[in-house]
Amino acid sequence: MATAPCDRGEWGSRAGFILAAAGSAIGLGNIWRFPYTTGQNGGAAFLLIYLVCVILLGVPVMIAELTIGRHSRRNPVGAFEAIRPGSRWRIVGFLGVLTGVCILSYYSVIAGVTVGYIFKTVAHSGASYAAFTANPLLMIPLMLLFLALTVLVVQGGVRNGIERWSKILMPLLMLLMVLLIVRSVTLEGAGRGLSFYFKPDFSKVTGKTFLDALGQAFFSLSLGMGAMITYGSYLSKKDDIGTSALCVSFFDTLIAVMAGLLIFPALFAAGMDPAAGPGLVFEVLPVIFARLPGGTLIGAAFFLLLAVAALTSTISLLEVVTAWLVDEKSILRRRAVWIVAAIAFAFGLPSALSLGAVERLGDLPGIGMSFFGFMDWLFGNVMLAVGAVFISIFFGWVWDRRASRAEIEQGCPSYRKCAPAVTYLLKFFCPIAIGIVLFFLFRDLVAAG
Ligand code: PHE
């Protein structure tokens with residue numbers, strides 16, 4: 001990827017782009033966030049609603065973001081400005097940049113825990129997840145380490161580092177997951193986990209289920225904040241936006257569904273609580289590792305690969321904000337990455353300390369969530385949904401339909417056949433469906449406040 005704004009560069013190849021976009025999408029969202037959110041929302045019914053959200057909301061919004069990015073060849077703020085100069089649409093880009101820094105801040109905290117768990121597994125430490133996250137001397141240095149790693153990669157350019165690494169490591173992660181799934185589903189008592197995950201109980205569905213499913217779909221696919229606008233801006237005109245969006249969404253969802261298949265059977269076999277929250281995978285996985293020959297090595301390898309998956313996601317978060325500073329503020333890339341990382345670190349500190357180290361941050365008065373939980377709810381769910389509404393309205397109503405269609409058809413001539421369906425979803429279904437969910441959320445907040 002280029003370092004100068006006038007020479008932005010492009011992905012090395014089409015496979016390179018799909019890998020990078022899949023790298024952004026596949027991460028802690030799939031393996032850490034998806035299982036515990038599913039667990040908190042009652043299992044199978046949530047899985048079903050989530051899948052519908054991915055297909056009807058996620059795929060069209062991803063097509064919209066990639067198209068806006070490739071057409072404008074700019075960061076999210078610049079992209080809206082390029083297509084609708086002088087309008088307020090650039091605010092949507094700003095919201096995306098802000099959301100990017102905020103997600104990066106707390107995401108790095110859990111990514112740091114993942115790195116810590118590599119060593120914890122090797123050291124055979126029996127300390128609980130709660131004890132681990134309550135230790136500021138682990139949480140802060142690990143978060144810092146992870147942010148620094150992200151900076152080093154983004155500074156060096158995405159093409160050489162990440163494109164090459166992802167090609168080997170992501171398939172390896174999938175392979176290891178298959179192995180662990182086989183162990184998990186053959187544990188005694190695993191059957192109850194499978195019915196929890198696959199037999200829907202719709203009595204557990206509430207308004208919150210819909211917001212969580214929708215937020216999870218956008219979070220997992222890296223949508224709603226311009227990450228895909230930024231990655232799309234490095235696409236060549238020959239690239240096929242439609243097929244790329246489908247491929248990325250498919251693999252991202254596959255990994256999430258696999259993560260559930262890995263976690264729930266083992267969780268029920270061990271008699272744990274599916275609604276335990278963010279610590280879920282870190283508590284359940286060691287149960288599986290303990291029951292495998294060579295479990296220590298397998299466990300360490302798994303956390304290592306998960307950390308790499310998280311790294312390819314933090315890279316995309318950092319890249320959005322960096323691209324904005326480089327393109328619009330003419331700050332050198334080398335300097336921009338450190339500025340963004342420093343801000344993310346400052347925002348991340350209270351998150352890192354809210355998982356047990358500082359009691360007050362663990363239960364914010366009047367909010368009933370930890371600082372970490374609040375950041376994830378506000379930026380990982382609500383703001384991504386808000387961003388996605390605006391992106392679909394922009395694509396469906398504001399941007400000239402012939403221009404957007406011509407942009408997609410370059411490299412994807414068969415888009416002609418799907419264009420009416422995609423346009424319909426972006427024009428009507430996405431804004432209305434997400435709008436209804438946000439309306440009820442707002443109403444509940446007003447009622448509670
Ligand atoms: N999709 C990433 C994951 O699932 C997280 C992410 C969200 C990355 C938003 C970029 C933008 O881990």
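This is a predicted model: local features need pLDDT of at least 70, side-chain atom pairs count only at pLDDT 80 or more; totals for chains, interfaces and linings use all residues.
**Notebook: the ligand and the spaces in the model**

Residues are numbered from 1 along each chain as its sequence is written, and side-chain values use heavy atoms, with hydrogens and water left out.

Next I looked for polar contacts, meaning pairs of N or O atoms within 3.5 Å. A polar backbone atom of Ser24 is 3.2 Å from a nitrogen atom of the ligand. I found a backbone N or O atom of Ser220 at 3.1 Å from a nitrogen atom of the ligand. An N or O atom in the side chain of Asn30 is 3.4 Å from an oxygen atom of the ligand. The protein covers 100% of the 320 Å² of accessible area that the ligand has on its own (Shrake-Rupley method, 1.4 Å probe).

Then I checked where the ligand sits, and found it in the largest cavity. To sit there, more than half of its atoms must lie within 2 Å of the grid points. A cavity is a set of points on a 1 Å grid over the protein atoms alone where a 1.4 Å probe fits but cannot get out; lining residues have an atom within 4 Å of a point.

The largest cavity has a volume of about 150 Å³, the space filled by probe spheres set on the points. I listed its 17 lining residues; Ser24, Ile103, Phe219, Ser222 and Leu317 are the closest to its centre. The largest share of that lining, three residues, comes from α14, where helices are DSSP runs (H or I) of at least four residues.

Last I turned to the pockets, which are open sets with protein on both sides within 12 Å along at least five of seven lines. The largest pocket has a volume of about 960 Å³. Of its 36 lining residues, Lys208, Leu211, Asp212, Trp377 and Asn381 are the closest to its centre. I note that α19 (415-448) gives the largest share of this lining, nine residues. The second largest pocket holds about 440 Å³ of space, and α12 supplies eight residues, the largest share of its lining.

Note on methods:
A polar contact is a pair of N or O atoms within 3.5 Å; within protein, one must be able to donate a hydrogen and the other to accept it, and residues adjacent in sequence count only if both atoms are side-chain atoms. Helices (H or I, at least four residues) and strands (E, at least two) are DSSP runs, numbered from the N terminus.
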